[in-house]
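The sequence and the coordinates come first.

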Amino acid sequence: MDYKNLGIRTISGAVLVALLVVATFPMLDQSGLIFLGVFGLISLFATREYMIINGALKIEAFMSGLCSMMLFLSRWSHYNVDDDSSMATYGAMVLLMVVGELFADNTKMAERTKRLLTSQAYIAVPFALMNNLRFEGECVLLFAVFVLIWTNDTFAYLTGSMLGKHKMCVHISPKKSWEGFFGGMVFALAGSVVLWVFFHTIALWQWLVIALVIVTFGTIGDLIESQMKRTLGIKDSGNAIPGHGGLLDRFDSVIVGSVAVNILIMIIL
């Protein structure tokens, strides 16, 4: 066993979890400034990571990351300083990048524009929408999203390792099984009951529905990123988190799951 790598993986994982808990739990970050700093930077570097693995130049990747961070800032500003002017700045930045492609190498213009717009839809928008869950109604929903995804991932892995026989998507993720999927779901549902006990902000049935949505769409998010990496022929999306790979490797479930929860909350609350 590689104890050095295990130690690095454990320490970096613990630091990441601690940062996310502090940033997403309202009582630990009442001003929302830690949330702004942590998730603003994550949205920047996750976008940059996505652009790099899809063949973008470093300056192109960094500028796309800045666009993502600006969109995140615009949603944060909406809730914290009642200012939406940064949304106009975000729109101008994206527009300038698209227009700039008109004067660049025409043979790759469509490819670069598609890459930019895809990065904004796939990463920037979901991270920006996390502000809704963090600040709307003081409902600890974003904190709950992470707790339930971690619970699902942990017990899906354990259940799948012990009982997994029926593969879910062999051509995308050979290790995922239906036993693991439903095992993770059972424990995520149990986790939602615990959240309801501690946070009576919404009804029990709503917590249960949120857990089901997170498990389903979090798994879809994981499969989407697995398919992307398989298509690109890479193992990890990057090395931003020592021992764990890239940011997209760690946030793939959250990216899709949080969007689904946003839509759900519009319906049930």
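K229 and E225 form a salt bridge in which the closest N and O atoms are 3.7 Å apart. The model is a predicted one. Both partners sit in helix α8, which covers residues 204-232, and because they are four residues apart there, about one helical turn separates K229 from E225.

K229 and E225 are both buried. For K229 the relative accessibility is 13%, so K229 falls under the 20% limit for a buried residue. Leaving out residues up to four places away in sequence, K229 touches I234, K235, D236, S237 and D249.

R115 counts as buried because its relative accessibility is 7%. The pair also belongs to a network of salt bridges that links E60, E111 and R115.

R134 and D29 form another salt bridge through their side chains, at 3.6 Å from N to O. R134 lies in helix α5 (residues 109-135), whereas D29 lies in the loop between α1 (3-24) and α2 (33-53), so this pair ties together parts that are 105 residues apart in sequence. R134 and D29 are both buried.

## Charge over the whole chain

How many salt bridges does a search of the whole structure find? The search finds six. Side chains of opposite charge can pair when their charged atoms come close.

The protein chain carries 18 positive and 19 negative side chains. The centres of these two sets lie 10 Å apart.

## Fold and overall dimensions

The protein chain contains nine helices and two strands. In sequence order the elements read α-α-α-α-α-α-β-β-α-α-α.

The C-alpha trace spans about 55 × 45 × 35 Å along its principal axes. The radius of gyration of the protein chain is 19 Å, which agrees with the value near 18 Å that a compact globule of 269 residues would have.

## Burial, surface and contacts

Of the 269 residues in the protein chain, 48% are buried. The chain exposes about 13,500 Å², and carbon and sulfur atoms supply 70% of that area.

Among the contacts in the protein chain with a sequence separation of 6 or more, 65% are between residues 24 or more positions apart.

S12 is in helix α1. With a relative accessibility of 11%, S12 counts as buried. When residues up to four places away in sequence are not counted, S12 touches I241, P242 and H244.

N131 belongs to helix α5 and is buried, with a relative accessible area of 0%. Beyond its neighbours within four places in sequence, N131 is in contact with F35, F72, R75, W76, Y79 and E136. N131 and L148 are 17 residues apart along the chain, and their C-alpha atoms are separated by 18 Å. G40, in helix α2, is buried with a relative accessible area of 3%. The contacts of G40, again leaving aside neighbours within four places in sequence, are F35, M69 and F72. Between G40 and F181, which are 141 residues apart along the chain, the C-alpha separation is 31 Å.

Notes. Residues numbered from 1 in each chain as written. Predicted model: local features only at pLDDT ≥ 70, side-chain atom pairs only at ≥ 80, totals over all residues. Heavy atoms only, no water. Rg over C-alpha atoms; globule rule 2.2 N^0.38 Å. Buried < 20%, exposed > 50% of the residue type's maximum accessible area, 1.4 Å probe, protein only. Contact = heavy atoms within 4.5 Å. Areas by Shrake-Rupley, 256 points an atom, 1.4 Å probe, with all protein chains shown as cover. Lys, Arg positive; Asp, Glu negative; His and termini not counted. Charge placed at Lys NZ, Arg CZ, Asp CG, Glu CD. Salt bridge = Lys/Arg side-chain N within 4 Å of Asp/Glu carboxyl O.
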